[in-house]
Amino acid sequence: MHTKARLLRAAVEVLAERGYHASSIDEICARAGYTRGAFYSNYSSKDELVVEVFDQYATQRRERLAVLAASDVTPDTLARELLELNEQDSALSTVILEFRIHAIHNSTLVTRLDQHDDEASTAFGELLAKVLPSDSALASVPPKQLATFLLALRAGTLTRILHGGTSALQANEAFHTVLSKLISIK
């Protein structure tokens, strides 16, 4: 398990620095201090490793949101947290977008990403069911459907935020403003 954890950590660093296509298994192995043999005893491909990076990233985000849900989260705080990006989040969001485009022509990856997205929507839907005021306009929307919509909206908004510029600022502000209002509308 220690080997896998080091490979994952190295993959996050290398992918964040170089992107999906420019990163190699050899670079990830070198960063982790392992050989290709160690890599292939844990993963069958770079794609499999990246999907696990996705899963790890999604788990960390869900844990951050769960901490929020356990407190008295306001609509404003929830909206801000959904777009909160630290340096690693920004880099990984770029890799995630790049990998999703790469996966378009690979039905196995599409199926795996569908599973990942379904799990993320289910978990986020459960969180939304806990934090949405019962008299909110969104309370009548099935939580998983709302979560799927918000996560897709977040992905599109992040795409604009990641490239920077004026439209990034506008997208960030629009997402935050509209979502916080929707959550609190009665």
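**Figure 1. The largest pocket of this predicted model holds about 550 Å³ of space.** The model is predicted, and totals for linings use all residues. The lining of the largest pocket comprises 22 residues, and those closest to the pocket centre are Arg 100, His 116, Ala 120, Leu 151 and Arg 154. Two or more lining residues come from each of H4, helix H6 (87–103), helix H7 (107–131) and helix H8 (143–163). By residue class, the lining of the largest pocket divides into 13 nonpolar, four polar and five charged.

**Figure 2. Helix H1 (residues 2–18) crosses helix H4 (residues 46–70) at roughly 90 degrees.** The axes of the two helices come within 10 Å. An angle from 65 to 115 degrees counts as roughly perpendicular, and H1 and H4 are therefore roughly perpendicular to each other. On the H1 side, the contact is made by Lys 4, Leu 7, Leu 8, Ala 11, Val 12 and Leu 15. These meet Leu 49, Val 50, Glu 52, Val 53 and Gln 56 in H4. The residues of the contact of H1 with H4 divide into eight nonpolar, one polar and two charged.

**Figure 3. Tyr 20 and Phe 99 form an edge-to-face aromatic pair.** The count of aromatic pairs in the model comes to four. For Tyr 20 and Phe 99, the rings are 5.1 Å apart centre to centre, with 70 degrees between the planes. Planes over 60 degrees apart count as edge-to-face. Tyr 20 lies in the loop between H1 and helix H2 (25–32), and Phe 99 lies in helix H6, so the pair ties together parts that are 79 residues apart in sequence.

How values were computed
Residues are numbered from 1 along each chain as its sequence is written. This is a predicted model: local features need pLDDT of at least 70, side-chain atom pairs count only at pLDDT 80 or more; totals for chains, interfaces and linings use all residues. Side-chain values use heavy atoms; hydrogens and water are left out. Axes are lines fitted to C-alpha atoms, for helices over the stretch in contact, and angles run from 0 to 180 degrees between N-to-C directions. Helices (H or I, at least four residues) and strands (E, at least two) are DSSP runs, numbered from the N terminus. Angles under 35 degrees count as roughly parallel, over 145 as roughly antiparallel, 65 to 115 as roughly perpendicular and the rest as oblique. Contact means heavy atoms within 4.5 Å. Ala, Val, Leu, Ile, Met, Phe, Trp, Tyr, Cys and Pro count as nonpolar, Asp, Glu, Lys and Arg as charged, and the others, Gly among them, as polar. On a 1 Å grid over the protein atoms alone, a cavity is a set of points where a 1.4 Å probe fits but cannot get out, and a pocket is an open set with protein on both sides within 12 Å along at least five of seven lines; lining residues have an atom within 4 Å of a point. Grid points are joined across faces, edges and corners, and a volume is the space filled by probe spheres set on the points. Rings of Phe, Tyr and Trp (its six-membered ring) pair if their centres lie within 6.5 Å; planes under 30 degrees apart count as stacked, over 60 as edge-to-face and the rest as tilted.
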